[in-house]
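The exercises below are meant to be worked through with the sequence and the coordinates open side by side.

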Amino acid sequence: MLNIVIFGAPGSGKGTQSERIVAKYGINHISTGDVLRAQIKAGTELGKTAKGYIDQGQLLPDELIIDILASTLDSFEDSKGVIFDGFPRTIAQAEALKKMLAERGQEVSIMLDLDVPEDELMTRLIKRGQESGRADDNEETIKKRLVVYHSQTSPLIDWYKNDGKYQHINGLGTMEGIFAEIAEAIDKI
Ligand code: AMP
């Protein structure tokens, strides 16, 4: 079982690199952001709740997102492993993931930290907003998301270092170059 946490600030390339990991290693992909955007599009109650948080650049409550993750995990059959993209984002979520996997006789294999300088993150996200129309990719909301990343999410770097799963990845460069570094780290597990 290959259970990968792909980690990094908004705009660090988690989604793009996840697609490549899925293609090479044949594992399932959970992007909590994609799940929430699909719920918003479908107009569900969860989508309505999620929209309020997403538009403000804030995180959804841990219990809610942990429930979503557990049910998505249970929907996979004959899985070779999972790439967790955009989850965990808080220490409580990381602890819940550890417990959830342990209950299934599994663990996180590696946490890949895509490290990208702040000015580059801003440039990428503004560009993505213009190209995709994603509502939270505007300058004001991006700034809030980066504050949330630094206060609530970046403590996970030390958490995963203590857990012995941390792997730094240089998130600047070509998509191919970054993926080569990722694949090298995964192949060493
Ligand atoms: P993303 O597509 O991963 O950048 O997520 C977009 C937004 O969805 C975030 O800014 C949060 O509002 C919400 N979200 C996604 N994943 C999580 C999570 N693990 N915990 C809380 N909120 C989340």
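This is a predicted model: local features need pLDDT of at least 70, side-chain atom pairs count only at pLDDT 80 or more; totals for chains, interfaces and linings use all residues.

**Exercise 1.** Determine which strands pair with β3, and describe how the residues of β3 are oriented and covered.

*Solution.* Begin with the pairing: strand β1 (residues 2-8) runs parallel to β3 and is joined to it by five bridges, while strand β2 (residues 28-31) is also parallel to β3, with four bridges between them. Next, follow isoleucine 83 of β3, which is the bridge partner of isoleucine 4 and also the bridge partner of histidine 29. Then turn to the side chains, which in a regular strand alternate between the two faces of the sheet. In β3, Gly81, Ile83 and Asp85 point one way, whereas Val82 and Phe84 point the other way. Finally, consider the cover: five of the five residues of β3 (residues 81-85) are buried.

**Exercise 2.** Find how many aromatic pairs there are, and classify each by its geometry.

*Solution.* A pair of aromatic rings is described by the distance of the centres and the angle of the planes. The count comes to two aromatic pairs. In one of them, phenylalanine 7 and tyrosine 149 have their ring centres 6.0 Å apart and their planes at 45 degrees, which makes the pair tilted. This pair links distant parts of the chain, since phenylalanine 7 belongs to strand β1 and tyrosine 149 to helix α7 (residues 139-153), 142 residues apart. Phenylalanine 7 and tyrosine 149 are both buried. The other pair, tryptophan 159 and tyrosine 160, has a centre-to-centre distance of 4.9 Å and an angle of 75 degrees between the planes, and is edge-to-face; tryptophan 159 and tyrosine 160 are likewise buried.

**Exercise 3.** Identify the ring over which the charged end of lysine 161 sits.

*Solution.* The ring is that of tyrosine 166, and the charged end of lysine 161 lies 4.9 Å from its centre.

Note on methods:
Residues are numbered from 1 along each chain as its sequence is written. Side-chain values use heavy atoms; hydrogens and water are left out. Buried means under 20% relative accessible area, exposed over 50%, partly exposed in between (1.4 Å probe, protein chains only). Helices (H or I, at least four residues) and strands (E, at least two) are DSSP runs, numbered from the N terminus. Two strands pair if DSSP finds at least two bridges between them. Rings of Phe, Tyr and Trp (its six-membered ring) pair if their centres lie within 6.5 Å; planes under 30 degrees apart count as stacked, over 60 as edge-to-face and the rest as tilted. A charge sits over a ring if NZ of Lys or CZ of Arg is within 6 Å of the ring centre and within 35 degrees of the ring normal.
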